[in-house]
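Keep the viewer open while you read.

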Amino acid sequence: MEWQTDILGTDFESCAFEARGVDGVPRRATLVRHVPGSGHRPAPANGAVLFLHGWSDYFFNVALAEFWTLQGFRFYALDMHNHGRNLGEDSTGGYVAHLDDYDAEISTAIDMIRSGAAANGGPVPLTLMGHSTGGLVAALWVSRHPGKVQYLVLNSPWLEMHGNSLVRKAAQVLVKPMARVRPLTVLRLPERGFYYRSISSSAEGEWAVDEKYRPPLAFPLRAGWLSAVLSGHTRVARGLDIDIPILVLLSGASANGMIWRESMRHSDAVLDVNIMALRAMTLGRSVTLERVDGGLHDVFLSASPVREDAYARLARWIRGFIADDDGAGSGDGGRP
């Protein structure tokens, strides 16, 4: 492992690696870790956390890493293949033919985390955290790899299509034949940049988002990718029977549509949060659902008072399921 100073600065290091899936194809991913040099890093009493980003995204939320570190965790994030730090001139941005194609890089990242833990005193409990499509990927991975992680945290996970399962089934009928024959076909759907507008400091948000890694209008939507996501939604709808504690954080409301509305500054402008709340109950036997009023699609990128509420809810869950009352640090992690 060759760790280098990351694009986020001296408190972060990253390590690029290749993982070969069951199809024999090597894919490039990048593991990022938080290594604060301020001297305020508590001992990792609560283990490690691995964060998976959403589609057309990458890891950039420094405050999220600081929060987990202050809570007594070693923080890691994975930029998955065809995303973020792995993009090159020959990359098919955001594309994956099957969500299981992420398995090898997630497993490799976890092996790297556990190897580092072994070198510093032995095994540690692991929390897997995913946002949006990364939340879907995380839930499916945990369901297929029981015993590999001990806790699951999902931030606005994309667990179902808008509307209901009938919409998903109709979309599958239309997309699957094209995905089978011409999987890289770009689907010509209306492009919206409303969520990016609400978060990026280059638009009307407060977060430094690099357009080289996270395009304002997202990557082209391809038939094979959409088919893979729809298949993932179908598996969730059937029930995943995950047997570890799960936390699901969602905005209190959605604001969808083809024109900008001011309500998109304090709601989820990407997903139907009520449908996600229903689907969350199919994930496993111990699911905690937290609705964050005023939250954006990524509740931890919301306005300061809202994200402080989101962090407080996450900290409460950590105390209840992972740490005892005296075992974690404090801090709201709310700085952009």
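Let's start at Asp 6, which sits in strand E1, residues 4-6 (a strand is a DSSP run of E with at least two residues, a helix one of H or I with at least four, both numbered from the N terminus). Before going on: this is a predicted model, where local features need pLDDT of at least 70, side-chain atom pairs count only at pLDDT 80 or more, and totals for chains, interfaces and linings use all residues. Residues are numbered from 1 along each chain as its sequence is written, and side-chain values use heavy atoms, with hydrogens and water left out.

Why does Asp 6 count as buried? Because its relative accessibility is 5%, and buried means under 20% relative accessible area, with over 50% being exposed and anything in between partly exposed (1.4 Å probe, protein chains only). Its side chain makes a polar contact of 2.9 Å with the side chain of Arg 85 (a pair of N or O atoms within 3.5 Å; within protein, one must be able to donate a hydrogen and the other to accept it, and residues adjacent in sequence count only if both atoms are side-chain atoms). If you skip neighbours within four places in sequence, Asp 6 is in contact (heavy atoms within 4.5 Å) with Phe 12, Glu 13, Ser 14, Val 32 and Arg 85.

On a 1 Å grid over the protein atoms alone, a cavity is a set of points where a 1.4 Å probe fits but cannot get out; a pocket is an open set with protein on both sides within 12 Å along at least five of seven lines, and lining residues have an atom within 4 Å of a point.

Of its 14 lining residues, Phe 51, Tyr 58, Phe 60, Asn 61 and Asp 298 are the closest to its centre.

Helix H5 (194-199) and helix H6 (223-238) each supply at least two lining residues, and H5 gives the most, with three.
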